[in-house]
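Dear colleague,

Please find the structure for your review directly below. My notes on its pocket, core and ring contacts follow it.

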Amino acid sequence: MSGQFWVVWCENGGTPLVKHDNEESAAREAERLARNNRDRRFYVLEAVALRCVTNMMRVDLRRDEVPF
């Protein structure tokens, strides 16, 4: 799994919802959106890196019981 994908983003628009498998698909979508939304700019963005924390330590510091 490469994890590589592209999205189309419009400044002052909504959050991208579709992950495109290739740049050409994203470019076609950007062009379609631009034609339907004159004077708005649609950017094709490529995911170039991923960071993920896969472990978590949870410690509850409150004591619900009296210790004596």
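**Pocket**

The largest pocket has a volume of about 220 Å³. The search ran on a 1 Å grid over the protein atoms alone, where a pocket is an open set of points with protein on both sides within 12 Å along at least five of seven lines, and lining residues have an atom within 4 Å of a point. Grid points are joined across faces, edges and corners, and the volume is the space filled by probe spheres set on the points.

Please note that this is a predicted model, in which local features need pLDDT of at least 70 and side-chain atom pairs count only at pLDDT 80 or more, while totals for chains, interfaces and linings use all residues. Residues are numbered from 1 along each chain as its sequence is written, and side-chain values use heavy atoms, with hydrogens and water left out.

The lining of the largest pocket comprises 14 residues, of which V8, T15, P16, L17 and L33 lie nearest the centre. Two or more lining residues come from each of β1 and α1; β1 gives the largest share, 4 residues. Helices (H or I, at least four residues) and strands (E, at least two) are DSSP runs, numbered from the N terminus.

**Nonpolar core**

W6, V8, C10, A26, A30, L33 and F42 make up the largest nonpolar core, which has 7 residues. Such a core is a set of buried Ala, Val, Leu, Ile, Met, Phe, Trp, Tyr and Cys residues joined through side-chain atoms within 4.5 Å. Buried means under 20% relative accessible area, exposed over 50%, and partly exposed in between (1.4 Å probe, protein chains only). Both β1 and α1 (23–36) supply at least two residues of this core. Leaving aside residues up to four places away in sequence, C10 touches R40, R41 and F42 (contact: heavy atoms within 4.5 Å).

**Rings and charges**

The model has 1 aromatic pair. W9 and Y43 form this tilted pair, at 5.6 Å centre to centre and 40° between the planes. Rings of Phe, Tyr and Trp (its six-membered ring) pair if their centres lie within 6.5 Å; planes under 30 degrees apart count as stacked, over 60 as edge-to-face and the rest as tilted. Because W9 lies in strand β1 (residues 6–10) and Y43 in strand β2 (residues 42–46), the pair ties together parts that are 34 residues apart in sequence. W9 is partly exposed, at 32% relative accessible area.

The charged end of K19 sits over the ring of F5, 4.5 Å from its centre; the criterion is NZ of Lys or CZ of Arg within 6 Å of the ring centre and within 35 degrees of the ring normal.

Yours sincerely

Key: On a 1 Å grid over the protein atoms alone, a cavity is a set of points where a 1.4 Å probe fits but cannot get out, and a pocket is an open set with protein on both sides within 12 Å along at least five of seven lines; lining residues have an atom within 4 Å of a point.
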